[in-house]
Amino acid sequence: MSEQTNEGISKNKLKLLVEGKLPLDDIHALLRMPVKDADRFWKYLEVLQERVTWKEKILVRISEHLYVVEKGQERIVKCDCGHEFGDYRINWKLSSLVYARTSTEEFDEIFTTQNKPNPEIVEVREFYCPTCLAQLGVEAVPAGYPFLFEVLPDIDTLYEWEGKPLKSANKDWFQNKTATLTAKWAKEAGK
Amino acid sequence: MTTKDNKKYLVALDAGGTMTDTFLVDEEGNFSLGKYLTNYGNEAISYMGSVGDAAHQLGLTSGDIHSNADTSIYTGTIMLNILITGDGKKAGLLVTRGQADTPFLERALTWLGRPPAEKWKLQLHEHTRPMIDRLNIVEVTERISGGNYFPRGSHYDAGHVIIPMHEEDVRKGVERLIDNGVEVIGICFLCSYANPAHEKRAAEIAREVIKKRGKNINLILSSDICPMIKESARMKTVLVECFACEGARSRLKTVEDSAKADGYKFDLQTLLAFGGVANIRYPRLYESIVSGPTGGMLGGKVMADLKGIKNLLCADLGGTSFEAGVIVGGQQSLNREPNFAGHRLNMTMLATDSIGNGTGTAIHVDPEAKRVILGPECAGSRVGICFDYPEITLSDINVALGYLSPDNFLGGKVKLNREKAIHELTERLAKPLGMDVFEACAGVFELMHSGLQDHVNDTLLSRGMDPGEFTMVCYGGSGPLHMWGIEKGLKLGGMFTVPWAAAFSAFGIAAAEYYHRYEKSLTCSILPSLSNEEKLDICKPMAAAWRVLEEQAYKELEQEGFSRDKVTFRYGIAARYVGQLFSSWEAPVEFGKVDTIDDVQMICDSFEKTYTRIYPTASRFPEAGYLITSVYLEAVVPKIQPKLIAHPLKGLAPVKEAKKGEREAYWDGRWHKCDVWNMELMQPGNRIDGPALIEHPMTTLPVPPGRYVEMDEHMAIWFKRENEE
Amino acid sequence: MGSKQTTLRKSLKGENIGLKARIDHADQQYKDTGHIFGLKYLEVLEEDPIKFDKFQTRLIAAVSAARETSKHVSGSPAGVGMGELLHLLALPEGEVVASSFGLTGHVMSFPLIVRHMAETGLEENPGFRDGDIWGTNDPLAGGPHQSDCYTYVPIFYDGELIAWAAGVNHIADTGHSICPGGVPAHSPTTYCDGFTYGPMKIGEDLIEYKWFERMWMRRTRTGTLNVLDEKMRLTGAIMLRGRVMELVNEFGLEYFKRATREILERERRAIERRVRTQMVPGEFRQSLFRPIRQKGMMGHLYREADKDWIVHMNETITIEPSSFINIDCDGSTTQDYFWANGHRGGILLGMGWHTMAVLVQSPLVNTSLLRMLDVKGPPGSIINPTRTDVSTCAPNVVGTMLSLLPNHVFGWSYFMRGFLEESYLCEYVYSVIGSGGVLKNGIPWGMTDFGYVGSSPRGPSPWRDGEAAMVGSGNPEADFGEAEEWEFVEPPLTSLSRKLIPDMCSHGKHRGSIGTSAAHLISDPGQFLTMNTMGISGTDMLGCSVGVCGGYPMLNGYVLYLHDTNAFELLEQGETLPTDFVEAWRMIDSGKLKVGSMEVYGNESPVTQLKHGDLVFQGLQASSAWGEPLDREFDLIKSDIERGWMTPETARKVYGAVVEVAANGACKVDADASAKARLELRNRRKTRAVPAKEFWARERAKVVAKDFSHVDVANMYQDTLRYEKWHREFYEFWQLSEDYKI
C-alpha cells in the first residue's frame, strides 16, 4: 500500500479526467474513495458546459459528443459541434446520417482480422452527425432491425435524485416518442 | 566494554523501506542494534552508517567490527527497488514460438498483492510493469513434451521432442538482440524442465554468435536456474534473474567493497528467500528476493529452537502491513509459487501471509451504511493526523487511547498531537457512528484485532493445526503494541516478544543457515495397480535427479570455498494424488535414494503424513495413486551462529530506575491508571502487572488489566493471563 | 454429532413453520415494504455498528478460509488453476449472506436451489438432518449448468436449521453424451446433457455415501477428478459449518439470526444508494444475436433438432426511480431443441457475476443484489423456458451474454453522471474447449480446458483502452493457468501459442481490448480425439449489437480447425507453423500450408474429430470499443504499433494515422499526413451516408416485401414477433399494418 491520501476531486481534476489527461495515480485515488463526492454531477455539468461554444443549458450528457439540453420549452439532443437533433424522446439516430456496411469489402475496412461477421446476416450501421460527421453510434444487427434507441434518460428523476427537481418536470418527458416521427414519415410517403 | 582485538563478530543487516537495521553479535552472545536511514541511491552508505551505529553502542567503530568480523550478511530491498523502478538490465529472451506475449499476459494475475477489497474492484487490476521490451523477445520453433498424468505408454514420455529446434531462429534472433543492444539473454522454452536439450543447444549457438560479434553477454537458462513446471512463472523467474540480478549483484558488490575497505576480509553474504544465506556471487541471485518477513521468520526459528518450541507463529506487525508465518514441528512452511512485486515466480520462499492492515492505515466511515472502512491508504512515516497526515489512522487511536505516548514516538524524536487526534476522531469516526469517541476507538481496535485473530486462526487451521498447540512471537515496530489485542480472542499456547522486536529481522538474518536449495520437476506416477518392480522402475528418475542436484550443489559450494566434506544434504519431494492438478505438497524424506520398494513406500508415507496434517481424512484419496512432481535437495555447510546466552534471573520487581512515570490508558470501557516502564531496563526474571505501559524507543508494549508480562532468561518477554503460570 | 431427526422447527419468533412458508413470508415482506425481511430499521446495526462490522467480517473470513483451504484438494483444473471454486453461507431460506472469492455469480443461483427443495417437498422426505450432505447440479433446480456442482450441508444449532454451508465448482467432465467436457455446442434434449443429479442427499454424518463416488466414476469421463472435486467442496463446507457454530456460540443465536438478515438489507441499501447517487436513470435498449447451427449435424438422430437459428436476446434495461434495475427480455427467441434454454439459475448466475463487478465491487457481495435487479422474459422464451425436456446444459451462456448489455449500460450510466473513473465496459467473455477421446493404450479421458475463462479482457473506459487478460469471468482473482499444466492433462493438444493477435480488437477512441488467442497442434491422439468449443457469442455475428458512444461493438471469437495438414512435413523441412489464425490464413493463401479440409466457427464449434497433425486455432472475443475512432490520440496508436498490437495498415485505414516504422520497431506519427488522412475518412463518410429518413424508407420497403438477407433472419423475426412489446416496437418503427405477417 502506498503512502497516499484521498482528497476527492476538484473541478480542475475532473476536467482533466474528462479530457483523458488525469494521471493514473489520481484516478486510482478516485477509485479508492470510500465515499464519493456528493456534488460530482454539478461539477461535471460545469466542466461540460465550459467545453462547448453554445449557450443552451446541458441537462445530461448522453454520449461522447451528444447532450440533452434545454432550449426554450424543449429538451433536445445537441452535438458538441452545435448540430441539433430535435426532441430527445425521439431516437436521435432518425435525424442522423446513416451508412450501413453490408459487404465483406466494407467490413474489411473496420474489422481487420478474420473474425468478422457474415454480411448475409449482419449489417453494420454507422450513425454520423450531419454537421461535424463524427461517428456517434454503431449497430451490428440483422437487416430489417429497428434502430436501437440506446438511451432515453429519465431526466426528471435524475434531478430529483440530485435534490434539485427541474421546474419543467413532467411525466411526459420520460416517454419514447420515436413512433411519432416514423408515423409522420409513413404518412408523408403515403401521400 | 569490549576490547578491540580479541572478539569475533557476526554482522547482519536488514535494509527495509525506511530504515537499515543492524544486528551485531559477538561470540559470547552480546549484541547491539544499529539503525540508519536507508539510502536507495547508495546502499554502501546506509550499510556503513548502520554498522557504525551498532558499533557505537559498544563504544567501537565500524572498522573495529569489520576487521574482526567473520561474516557479514546484508539483505534488503535492492531487487525490489530494481523491479519497482524498472531500473534493470536491458534483457533479451529466447522463447518457444508462440510464447512472446507470455510475460505481458502474466497468466491474467493482475491482482497479485492487492488487498481483498481491491481485488473486487476490477478497475484497479493492472498488469505489472514488464521487465522486458516486446521487441527483444525472439521466438524459436521447437517443442518438447512435458509428459502427462496418465499411465506410462499413454502418450509421449516427458522430454520427448515433438518439434526439433530450428537453429536458424536462434542464430538470427541472437543477432537481432545484439543489434538491439541487450545486456543479458535469457532462454526459456516450454517443458525444458523435462528435457533441457533445446535450451542447452540454443545457448551454444548463442555463445557462438556472441563470440563472433565480440560481445560479452551473459546467458541465463531456465533449465539451469529453475527446472520446474509452469512456463509463465518460470519465464518471470528467468526475467528477474536477467533484469534485476546482475544489477543487484553489482550494487551488493559496492556494499562489499565498502566493508572490505573498512577492514572486512571475507565475501559479503546475502539472505535467500527460502531462508538460507549465500555468497553474493551465487549464480541464482533471483533467490535473494526476500520479502520483509523472511528474516523475522528465521529469528522465530532461532527462538523456537532455543526455547524448545515446536510450533511457532511469527507475526510481523508494522506501520504498513501485518504479516504472519508459521513454524510447524520445527519446520518453516514454504511457498512454492510466491508473488513478488506483482510477479508470480517459480521458486521457493518462506511462506508468509498478509494478515491485516498496518498501524498507519487510514480509517473512514460511511455514515449512511454506518460502516467502518479501514484503508486502503496508509500514512507510512507520516503516522496519522496526530503528526503529519490528513486522515485519521489506527496510530491516532493508539495515541488517543493512551497506549502510545505522544512524547515517546521514535524515542521522542517525533512529537505527536494527542488533542488533535481525539478531536478529529470525534468528528470523523465517533459522530457519524453515533458513539462516544473512546468507545468508537476501542471498537475499531476490536474490529481490527478480531480480523487479526481470524487470520491467525485461518493460517493455522488451513494447515490443520490447533491454535492451542502454538506459541506466537510478535515483532516489528507495532508487534508489542498490539499483542494485547491479538491475545484477547485467541487460545494460544503462549505469546512473547523481545526487546529487540524492532530489529528482529536483522537478528533472524544473523541466525540463518548457510545453505543452497535445488529442485527439479519430474513425473513419477505411483499407481496402486502397478507391481513393485514397476513402481521401483518408475521412481528411479528420482534417485537420478537427486544425484544430479548433489553434483550441482558440490560444484557451486566448491566455488564458494567449501570442500565436499563440509557439505551435508537434506532431501525431499513434492507430490500429489494422481488426478489432483496444479498443487503439490512438499514433504521431507529421510534419504535421497530409491533402491527398494520400502524406499518407495517411505516416500509415499511422507506425502501422506504431510497431506493429512493439512486436510481432513475425508479428502485423502490414496486409491488414485501418488504423483511425484519434483524432488528437492538442501545442501548445508556450517556457519557461525549468534549465541543467545541464558542470563541469571533477577527478582520479580524491576529496578527502580525502570519506572518512567504514569499515564492513563483505556480498556474495557474505562480509563486505567498505568505505570509506565522503560523496557531497556527490564531484567530477566522481572514481572510487570497490568495495567501498565512498557516503553522502548522503537515501540511500546501495553499490558491491560488482568494480564502481566515476564522476562525470561533469554530476555523473551512473555505475555500472560493472571490466572496462568 | 448424532443425526437427530429435525426439520425447521422455529421461526424467528419461535413458532413452527416450514421452509416453504418461510420463503413465502420473506418474499411477501419484501413485496410489502421494499426491504429484505421487511427490515425498515436495522436495529442490530444501529445498536453497535462496529460489532456488526466485526460480525460480518468474520462471516466473510469464514467462507474465505473454507475456500482457500479446500481448493488444493481439487482435481479440477478449473477449481485450482482458475479459481472456479466458491464457498458460501446461506440463510435457511437460501439467501446468501457471505461469499468467498471464486465465481461469485453462484451467489445468485444458490437461493433458487433452496427454493426448489422447499417446493418439491424434500424437507418432508427425506428431511434435513444434522450432518447431512446434499448435492445437485441440475439447472432445473436452480444450478447454472450441469458442469457446476453444488455440495452443501445444513447447519443445525440446538436442533434448529440456521444456515447452509455450500461449495460449488465447475468440474472437468459431466458425462455429456456428445460433447466431452460438458461445454456443449449441441444438445437437443436434456437426456443428452450428462450426469444430472439432485438436489438430493448424498451423505450423512458428514460422510458421503460410497455409491455417490461410484456414480461419478461410472457416469463421467473424469471420475477421479470429479471425486476429488466432490471432496474439495465438502471439505470447505464442513469447515465452514464448524466456523459458523463457533460464531453462533460467540455472538449468540439471536444475534446471528438478526444480524445475518440485517446484513442483506444493509447491502441492498448500499446498491440502491450506488445507483441513486452515481447513475443516470432511464431506459436503455440493446440486443444480442447468436447463431446456433445444428442443421445437418443432428438430423439423423434428432429430426426435431435439425435446424439453424439466429437466437435473439432482446433487452430493455430500465434503471427505475426506485433504483431497481429491470431487465425486460420480451422478444427473445422461443425455447427449442438446443442448449440455449435459459433456466433461471443460469440466467441469474450470468447476470450476477457481471453485475456484481460493476454494482457491488466488494467482498460484501451477497444475495441482496437479487432484490435490486430482475430479468424477465415471456413464458416459453429462452429467458423463461417452460419445457423440461429440452436441453438445460448451458443456460449460463444465455445469462452471461444477456449480462453484457446491462454492463454496457452501467458503465455508460456512470459516465453520464460524471463518475468517469467507475465507468468501463465490463465484458467478461470466455471460450472453453471440451475435448476427450481414447489414448493409444485404451485409456479414455475427457477435459474442459478453461485456459480462456480465466482471462477475460477488461473493456475500455472513457479514459483508457481495454486491456487483455485482466478478469477471470466473474472471479476477482483471474488466472488462466499455465500451458504446461494444461498439456499435462490433455496431452494430445500440443500448445503452439498463447498470445495476442495484432489488430484483433474493436476500434474506437479507446479501443477494446485484444482477445487472447491460442493454437494447438494435435500430436499422437491415440485411438480417437474429439473437440468442441463453447463460449460467449456464436459464429458469424459480432459479440453484441452496439459499441458505446460511436465505438465498434465486441468482436466475435474465432475457431479454425485445419484437418489433414502438412504440418509435420513443414517442420521437417525446417519451416515453422502458424501460431494464430491470421498467420494460418496467410500460410494457406501462400500455398505453403496444405489443408485437406477446414472448419471455421465463432466461439461455438460442434464436435469434430481430430487426427495427428491437425491444427486448431482459437481467438477469444475482443471487447467493445468506446467512442469514435477518429478521436483516438495518435500517441496511443503509436504505442500500440510499437507493442506489436496493431499494424500500421490498420492505423491508417481505421484511424487515419500515418505512422512510419523504423527497422528497430520505433514509430513516428506523420502529423500532416495524418490530418489529411482523417479528413479524407470524414469526407468519405459524407459521400457514403444517407439521411436516416432516406435509409428508413429504403429498408422499410424491404421489410414490407419480406426481403430479408437470409432465411435465418426471417425465421428469427417470425419466431420473436409473437411477443407483445417487441411486436409493437417493430411494427411502429417500420409503420407496418397489423395484417403484416412474416
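This is a predicted model: local features need pLDDT of at least 70, side-chain atom pairs count only at pLDDT 80 or more; totals for chains, interfaces and linings use all residues.
The largest nonpolar core comprises 517 residues. Within this core, the residues with the most contacts are Cys441(B), Leu89(C), Ala90(C) and Ala165(C). The element that gives the most to the core is helix H9 of chain B (residues 231-261), with 13 residues. In soluble globular proteins, nonpolar side chains tend to be buried together. Leu89(C) illustrates the surroundings of one such residue: apart from its neighbours within four places in sequence, it is in contact with Leu59(C), Ala62(C), Val63(C), Val96(C), Val97(C), Ala98(C), Ala163(C), Ala165(C), Leu240(C) and Val244(C).

Two packed helices are described by the angle between their axes and the distance between the axes. For helix H12 (residues 418-433) and helix H13 (residues 437-461) of chain B, the axes come within 9 Å and cross at roughly 80°. The two helices H12(B) and H13(B) are therefore roughly perpendicular to each other.

Between chain A and chain B, 10 residues of chain A are in contact with 16 residues of chain B. The side of chain A that touches chain B has four nonpolar, four polar and two charged residues.

Chains A and C contribute strands to one open sheet of five strands, in the order S8(A)-S8(C)-S9(C)-S10(C)-S11(C), with mixed pairing. Strand S8 (151-153) of chain A and strand S11 (373-376) of chain C stand at the edges with a single partner strand each, so one side of each has no neighbour in the sheet. From one strand to the next, the twist averages 20°. Inside the sheet, strand S9 (residues 308-319) and strand S10 (residues 325-328) of chain C run antiparallel and are joined by four bridges. In one of these strands, S10(C), Ile325(C) is the bridge partner of Ile319(C). Helix H18 (residues 711-720) of chain C packs on the sheet by touching S8 and S9 of chain C, and its direction makes about 50° with that of S9(C). Helix H10 (residues 395-417) of chain C lies across S8 of chain A and S8, S9, S10 and S11 of chain C, running at about 35° to S9(C).

The backbone deserves attention at several positions. Most residues other than glycine have a negative phi, and most peptide bonds are trans. In chain B, a cis peptide bond joins Gly690(B) and Pro691(B), with omega about 0°; Pro691(B) is in the loop between strands S31 (687-689) and S32 (692-696). In chain C, the bond from Gly198(C) to Pro199(C) is also cis, with omega near 5°, and Pro199(C) is placed in the loop between strands S5 (160-170) and S6 (200-204).

Positive phi values occur at Phe37(C), near 55°, and at Ala469(C), about 50°. Phe37(C) lies in the loop between helices H1 (19-33) and H2 (43-47) of chain C, whereas Ala469(C) lies in strand S15 (residues 467-471) of chain C. Phe37(C) counts as buried because it has 20 C-beta neighbours inside 10 Å. Ala469(C) is buried as well, with 30 other C-beta atoms within 10 Å.

How values were computed
Residues are numbered from 1 along each chain as its sequence is written. Chains are lettered from A and ligands numbered from 1 in the order in which they are written. A nonpolar core is a set of buried Ala, Val, Leu, Ile, Met, Phe, Trp, Tyr and Cys residues joined through C-beta atoms within 7 Å. A residue is buried if 20 or more other C-beta atoms lie within 10 Å of its own, exposed if 12 or fewer, and partly exposed in between; C-beta atoms are placed from the backbone. Two residues are in contact if their C-beta atoms, placed from the backbone, lie within 7 Å. Axes are lines fitted to C-alpha atoms, for helices over the stretch in contact, and angles run from 0 to 180 degrees between N-to-C directions. Angles under 35 degrees count as roughly parallel, over 145 as roughly antiparallel, 65 to 115 as roughly perpendicular and the rest as oblique. Ala, Val, Leu, Ile, Met, Phe, Trp, Tyr, Cys and Pro count as nonpolar, Asp, Glu, Lys and Arg as charged, and the others, Gly among them, as polar. Two strands pair if DSSP finds at least two bridges between them.
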